[in-house]
Amino acid sequence: MMRALDQYQLQPARLADAPLLAAMSQQLIEAGLTPSWGTTRIRWHVQHPESMVLTARSAQTLAGFAIMRYLDDSAHLNLLAVAPAHRRRGLARSLLEWLEETARTAGTFVISLELRASNVEALGFYRALGYAERGAVPGYYQGVESAIRMQRDLRAATARS
């Protein structure tokens with residue numbers, strides 16, 4: 001029997017993926033907002049040595065992606081999205097774990113992110129993976145919606161293992 005994740009391949013994005021990733025961001029993450037993650041911005045992250053744009057593919061279908069920016073002593077998860085038809089299979093977890101492992105390898109242990117306050121499903125997802133709430137930012141999303149800031153120290157996770 002094939003496991004749900006066996007049909008997916010995680011790999012760095014290509015420049016040619018940027019328009020589709022921008023469309024996925026607009027539809028799945030930035031719905032109701034003026035898009036701020038367009039093709040040009042995503043291409044910049046694909047090319048930047050301190051960023052990783054990771055994709056999840058099933059056959060020729062782009063099922064999900066994540067963008068993380070690595071700083072000197074921390075990393076920031078900018079975007080994480082999985083197309084609805086590919087959800088509930090562990091794909092978001094796999095994308096995030098791959099990026100966390102890359103951060104550990106680089107000696108970066110603190111990962112932060114923001115998510116829309118109304119995204120209860122994402123909040124539960126990040127909590128389940130050990131991310132802790134660090135506060136709310138009113139009007140963070142273009143004055144339309146507040147954000148919840150979350151953070152995880154990977155050293156604490158390693159110490160528990």
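I sorted the lining of the largest pocket by class and got 20 nonpolar, nine polar and ten charged residues. I counted Ala, Val, Leu, Ile, Met, Phe, Trp, Tyr, Cys and Pro as nonpolar, Asp, Glu, Lys and Arg as charged, and the others, Gly among them, as polar. This is a predicted model, where local features need pLDDT of at least 70 and side-chain atom pairs pLDDT 80 or more, while totals for chains, interfaces and linings use all residues. Residues are numbered from 1 along each chain as its sequence is written, and side-chain values use heavy atoms, without hydrogens and water.

Which residues lie nearest the centre of the largest pocket? I found Ile 29, Leu 80, Asn 119, Ala 122 and Tyr 126 there, out of 39 lining residues. (On a 1 Å grid over the protein atoms alone, a pocket is an open set of points where a 1.4 Å probe fits, with protein on both sides within 12 Å along at least five of seven lines; lining residues have an atom within 4 Å of a point.) β4 (74-82) gives the most to this lining, with seven residues. (Strands are DSSP runs of E, at least two residues, and helices of H or I, at least four, numbered from the N terminus.)

Next I turned to the helices. The axes of α1 (residues 18-28) and α2 come within 8 Å and cross at roughly 120 degrees. (Axes are lines fitted to C-alpha atoms over the stretch in contact, with angles from 0 to 180 degrees between N-to-C directions.) The contact, meaning heavy atoms within 4.5 Å, joins Ala 18, Pro 19, Leu 21 and Ala 22 of α1 to Thr 39, Ile 42 and Arg 43 of α2. By class I noted five nonpolar, one polar and one charged residues in this contact.
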